[in-house]
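Please brief me on local packing and ring contacts in this model. Keep it short.

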Amino acid sequence: MCGIIGYVGKSEAVPILLDGLERLEYRGYDSAGVAVVSPESELRVVKTKGRLSVLREHLEQQDPLRGTIGIGHTRWATHGEPNDTNAHPHIGQDGKIAVVHNGIIENYLEIRELLERKGIIFQSETDTEVIAQLMEYYYRKLGNLMDAVYAVLGRIEGAYAMGILCKDFPGQMIAARKDAPLLIGYGEDGNYIASDVTALLRYTRTVTYMEDGEVAVLTADGVQIFDQDRTAIDKPRHTIEWDVSAAEKGGYAHFMLKEIMEQGEAVRKTISPRVHDGRVVIEELAGMEPYLQGLRKICIVACGSAYHVGMIGKYALERLLRIPVDAYLASEFRYSEPLLGDDTLVIVISQSGETLDSMAALREAKKRGSKVLSIVNVVGSSIARESDITLYTWAGPEIAVATTKAYTTQMALLILLGVYCAECNGKIDAEERKAILDEFDKLPEKIDGVLSDLKIYQEAAARYFNQDSVFFIGRNLDYALGLEGSLKLKEISYIHSESYAAGELKHGTISLIEPGTLVIALATYTPLIEKTRSNIVEVRARGADVIAVATEETAPYVKDQADELMILPKTHPLLQSVLGVLPLQLFAYYVALNRGCDIDKPRNLAKSVTVE
Ligand code: M6R
């Protein structure tokens with residue numbers, strides 16, 4: 001979604017802004033812009049529809065935008081189509097105040113009409129311009145910029161992270177946040193704001209996360225932060241452990257491929273701090289045994305791929321804990337008046353920790369008296385901070401829009417959590433615990449093994465990249481896995497794809513199978529392999545081409561029914577999907593490559609979805 005960067009310091013601002021925006025490109029955007037206050041105290045804005053390369057061309061065609069203070073933005077259109085006028089920054093009618101904004105101002109129409117009645121003429125269709133115009137209006141009226149900022153914050157409703165410049169204060173940048181991420185970076189050469197830490201890694205690793213209602217005033221020499229009552233506050237500074245290379249391609253053609261290949265190491269980082277002497281140790285849950293023993297239900301809530309991890313969790317945790325576990329789409333859960341209470345644990349899963357629907361579901365769960373445990377990748381993100389308990393996946397920055405290493409690490413962590421809770425509740429014996437943990441130990445190596453030979457996926461993709469439609473089928477954990485395989489394929493290759501529980505196909509969807517239709521059959525779940533085989537036979541009988549993903553153990557059951565057979569090492573059944581997703585990620589990647597798609601930044605998508 002939209003990205004924000006801001007800088008005030010001793011260097012020229014525009015190169016820093018462009019570099020920061022480039023690092024935010026992965027979030028998805030359709031227009032971009034920058035504003036600086038020049039040494040002559042002029043506010044200058046350049047913005048355009050399209051990629052950053054277009055913005056760079058526009059900048060080159062003008063008098064250089066000089067100034068050591070500036071704000072930049074990549075916009076993912078919500079209110080108003082992607083065009084030059086709707087791009088950020090937006091300025092007020094007097095040309096004094098410039099604003100970049102992430103989020104949505106819900107009451108913008110009402111404020112716009114009010115300002116229009118006062119003779120203010122709007123240029124764009126955006127909700128953001130309302131902020132700039134209203135701030136100038138209050139600034140004119142109250143004669144004090146901070147009074148105007150607080151007046152605006154008191155008047156607008158919705159979500160925002162914003163950066164503000166005013167030409168009357170050429171050395172000062174203001175930032176404000178509510179329900180959208182924003183952090184402050186402290187550099188040697190100046191200070192920064194950004195919506196995402198990756199924009200700052202080149203300049204500083206020392207950051208402060210802004211909280212809802214806070215306002216910050218940044219100058220070249222320092223930063224002051226105020227709470228919503230305008231009282232100055234001290235906030236902790238954090239050191240970001242990721243280094244710059246973690247957010248670079250490192251020789252790979254795409255971030256997605258790099259992140260696929262990093263999965264062995266990422267899963268190792270997720271598991272190893274949490275397994276000691278043959279036991280799962282989750283420090284964040286220390287002392288919570290009585291609470292865990294009293295649990296009657298678990299709700300896993302998430303969006304997209306994280307929801308698919310929740311589906312795996314439903315099967316795995318129910319088996320381990322023998323209590324009802326359900327997976328919910330966060331966008332539905334939040335409005336479903338969920339039946340919760342203090343004996344229900346709500347697990348929110350999110351890579352970014354900023355997904356608005358998941359955040360809203362979290363708040364709903366807390367309001368209804370349940371504890372929320374989140375599984376999050378981005379340290380210090382909003383979901384991480386608002387949860388009662390946060391478990392980090394430690395997968396490192398994930399840049400490609402299509403999630404890969406976040407998915408596998410979330411799954412590994414969720415199953416570890418299941419083992420931990422099962423032990424607390426006396427639901428797992430030492431032998432089973434050992435069987436699972438032994439396989440956890442070997443998992444990173446097995447992942448690396450699968451990823452060491454990509455030929456079969458490249459060849460399968462070369463053969464099938466022209467399909468119009470692809471179906472995934474599987475049973476139990478394989479059904480949950482198919483959901484992810486299907487999403488991966490459609491989001492980056494734009495091929496229509498659907499995923500079904502294998503036994504469900506004959507209740508309607510099988511009518512879509514015709515000669516040459518590609519069916520990807522997930523056949524890694526040993527207990528139901530004979531049933532899955534029958535379903536493969538059914539689609540083969542209707543002429544489907546079948547790619548089967550099996551294990552060393554299940555391959556003999558399906559090999560005579562497969563046009564392509566991808567064989568995975570065997571692991572514990574609960575962990576098999578961690579390996580099972582690898583062929584699906586790679587197949588999707590190579591299909592998209594063959595189709596010439598923009599793999600890391602698929603059309604219409606954003607990395608972190610901060611709108612409803
Ligand atoms: O950051 P989150 O994990 O909360 O994001 C959830 C989904 O938006 C995300 O998994 C999305 O489905 C990905 N594009 C899938 O690759």
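Below are notes on one helix, then on aromatic contacts.

This is a predicted model, so local features need pLDDT of at least 70 and side-chain atom pairs count only at pLDDT 80 or more, while totals for chains, interfaces and linings use all residues. Residues are numbered from 1 along each chain as its sequence is written, and side-chain values use heavy atoms, with hydrogens and water left out.

**Helix α5**
- Helix α5 spans residues 145–155; helices are DSSP runs (H or I, at least four residues) and strands likewise (E, at least two), numbered from the N terminus.
- Its buried residues (under 20% relative accessible area, 1.4 Å probe, protein chains only) include Leu-145, Ala-148, Tyr-150 and Leu-153.
- Among the elements covering the buried residues of α5 are α4 (128–142), β6 (97–102) and β7 (160–166).
- At the start of α5, a side-chain oxygen of Asn-144 comes within 2.9 Å of the backbone nitrogen of Met-146.

**Ring pairs**
- Rings of Phe, Tyr and Trp (its six-membered ring) pair if their centres lie within 6.5 Å; planes under 30 degrees apart are stacked, over 60 edge-to-face, the rest tilted.
- Tyr-328 and Phe-333 are tilted because their planes meet at 55°, with ring centres 5.2 Å apart.
- Phe-333 is buried at 1% relative accessibility.
- Tyr-392 and Trp-394 also form a tilted pair, with centres 5.2 Å apart and planes at 45°.
- Ring pairs join Tyr-7, Tyr-192 and Tyr-203 in a cluster.

**Charges over rings**
- A charge sits over a ring if NZ of Lys or CZ of Arg is within 6 Å of the ring centre and within 35 degrees of the ring normal.
- The charged end of Arg-237 lies over the ring of Tyr-186, 3.6 Å from its centre.
- The charged end of Arg-603 lies over the ring of Tyr-494, 3.8 Å from its centre.

Definitions and conventions:
Buried < 20%, exposed > 50% of the residue type's maximum accessible area, 1.4 Å probe, protein only. Contact = heavy atoms within 4.5 Å. Polar contact = N/O pair within 3.5 Å; in protein donor to acceptor, adjacent residues only side chain to side chain.
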